[in-house]
Protein chains: 2
Amino acid sequence: MAGSDVSEREERILSIIETARAKPARFKDDRITMAHGAGGKATQTLIEGLFVPAFASPELSALGDAGAVEVDGAELALTTDSFVVKPLRFPGGSIGELAVNGTVNDLAVSGARPLALTLSLVLEEGLPSETLRAEVEAIGAAAAAAGVHVVAGDTKVVERGHADGMYVCTTGLGRRDPRARLSPSGLRPGDRILVSGTIGEHGTAIMLARGELGLEADIVSDTRSLWPTVDAVLDAAGPDLRAMRDATRGGVASVLNELARASRVAMVVREADVPVSPEVAGAAELLGIDPLYVANEGRLVAFVAPEAAGAALHALQAVPGGEAAAEIGEVRTEPPGMVLVETAFGGRRVMDQLVGDPLPRIC
Amino acid sequence: MAGSDVSEREERILSIIETARAKPARFKDDRITMAHGAGGKATQTLIEGLFVPAFASPELSALGDAGAVEVDGAELALTTDSFVVKPLRFPGGSIGELAVNGTVNDLAVSGARPLALTLSLVLEEGLPSETLRAEVEAIGAAAAAAGVHVVAGDTKVVERGHADGMYVCTTGLGRRDPRARLSPSGLRPGDRILVSGTIGEHGTAIMLARGELGLEADIVSDTRSLWPTVDAVLDAAGPDLRAMRDATRGGVASVLNELARASRVAMVVREADVPVSPEVAGAAELLGIDPLYVANEGRLVAFVAPEAAGAALHALQAVPGGEAAAEIGEVRTEPPGMVLVETAFGGRRVMDQLVGDPLPRIC
């Protein structure tokens, strides 16, 4: 971003934010709040301020979606997620399907082909067996669709009133794909920012399924395995694909902020180019939430060198369900660590990290 | 067991039990109960009657403590566990330490050297940060002691009143040790049954820590990494080590029943030879529970060919904390799938699978 198109006042504001964000995150809260699980600023503080120092683990410090492990020459990736979504079933999916796809997708966007899953269940005493059976079948079907085996499992039961029916923890093992040369800190000015389809469907579907809004709209979750998408874009862009993230908790905005910070670059997003369905746009308007902050469970953000951006976009659009894939912005130099949005009306605003949790328990 | 030392009545009873147990387990319960998480008969029904058929996974069907996966020639093992222990801290350990050791131990007894862990937390809104910090530090210390890195993590937060402070899910990746030739179905008549130390300490320590019994005794959990124990016994017995299990939920009795069933053999345990501390024996007496059914978190049961049993026992006793390791019985031919206990007074009884959950939430 050239200095000349930023007003003096905006420069001062950006400078203050930049200084604050350059500091290492410190975990100073007295108690855990819902925001610590929302994937935004509080989550980052917890990870960088507590977990990373305590575990002194180079794999964890890399802060990728999956940890890299090498065993006897095999280049592996490991990732884990707990799922606490409410309700357990929603239009387009359920907690079991989400647990498989969410973990498979963390491997995929790390450039690792998903191979195996483990499954750990915390069940609530009194859970109808049919509810459990339905989720076990959903897990089996999603694992088969994603080409992974469930190789180990565990079940615990807690008393009535806990665990909201069930919590599901899935861990995924993948093999690094030799085509992938990805790094969250490898973005360069000029790189293009692509999304793999319309955004915000999962989070919106969950909010509507809770029925708290008294709103009806035909929105289904986007939950799906992203490996076919990753496979296609790796083929098209190879080493020109700099980084990928699936845009789950905190949405596309959180992904952009994380990577802008990790790569010490700026990003500009052209709001008009962000693919949002009219239904999601309408629901988000009523909820007072920007779709860029809404969770997706089958959408990724890809950062691609300019010379490969066209081919990568074409590849994304050719994947079933990816017809609406789009280039939504690009990486700039200044101000480092910041994400700016150019609105349809020619204005510009900072798209900061999520503070608080506007959409709790969406995954 | 020779037929001549079993009375006709006993023969008839054993025959009825044997017929019932030879049937494949079917999951027919209407609702989930605490027993489904207790590691006994109900848990087995859930695994064999629901999970194994739904996932159609050969790794899972093997029903080991860890699933075997081969990637690019590397022989790997994966295992997962959720921890829901109450209270979070207890004499000798805490949920975080337990989560590391429990998962490391499932790898170790599968003959896999633990390499890496993932950590997934479900936290309750309002949890004091100091409680979380203490567990994160316990996890870091236990991981360092066990020689594993935490390579990936996830945190979710649920509303107050759920998750009892925190639930912890750990998944472990290990490398198969070339010395190990283990199989839960590989036991042969004549094999000796060894335990790696005194039993029942963990479960008893948890029950006392809840303060519900109004009983005070100096019992601390046995939670520890079993890799040094496994390493020692692999060195001593090599291919003569047939199988190992850590005796967690359901205790030594559940391990024996599982393997007697998997190998279609009988087992006889000499009650007088089972190492139990006087404190645990006293508390178990008051609780009305047999220490053989009480959970351990740092004890294993090893099945060893007779010619290597002496060397294996010597190796177990030489590991710090294993001084009380003992040979407690042996594998027999008849009646297949059954575990019998010879009491100190010369009597004999069937030591069946656990039904119900006498000690809920102990891990």
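Mentor: What follows describes a helix pair and then a set of strands in chain B. The model is predicted, so to speak of its local features requires pLDDT of at least 70, while side-chain atom pairs count only at pLDDT 80 or more and totals for chains, interfaces and linings use all residues. Residues are numbered from 1 along each chain as its sequence is written, chains are lettered from A and ligands numbered from 1 in the order in which they are written, and side-chain values use heavy atoms, without hydrogens or water.

The helix pair consists of H7 (residues 227-237) and H10 (residues 306-318) of chain B, whose axes come within 8 Å and cross at roughly 150° (axes are lines fitted to C-alpha atoms over the stretch in contact, and angles between N-to-C directions run from 0 to 180 degrees). H7(B) is therefore roughly antiparallel to H10(B) (over 145 degrees; under 35 is roughly parallel, 65 to 115 roughly perpendicular, the rest oblique). The crossing of H7(B) and H10(B) is right-handed (the near helix is turned clockwise from the far one by less than a right angle). On the side of H7(B), B:Thr229, B:Ala232, B:Val233, B:Ala236 and B:Ala237 make the contact (heavy atoms within 4.5 Å). H10(B) contributes B:Ala308, B:Ala311, B:Ala312, B:Ala315 and B:Leu316 to it. By class, nine residues of this contact are nonpolar, one is polar and none is charged (Ala, Val, Leu, Ile, Met, Phe, Trp, Tyr, Cys and Pro count as nonpolar, Asp, Glu, Lys and Arg as charged, the others, Gly among them, as polar).

The strands come next. Strand S13 (residues 339-342) of chain B runs parallel to strand S10 (residues 266-270) of chain B, and four bridges join them (pairing requires at least two DSSP bridges; helices, H or I of at least four residues, and strands, E of at least two, are DSSP runs numbered from the N terminus). Within this pairing, B:Val341 of S13(B) stands opposite B:Val269. S13(B) also pairs with strand S14 (residues 348-350) of chain B, this time antiparallel and through three bridges. Here B:Val341 has B:Arg349 of S14(B) as its bridge partner. S13(B) and S14(B) form a hairpin with five residues between them. In the turn of that hairpin, B:Gly346 has a positive phi of about 90°.
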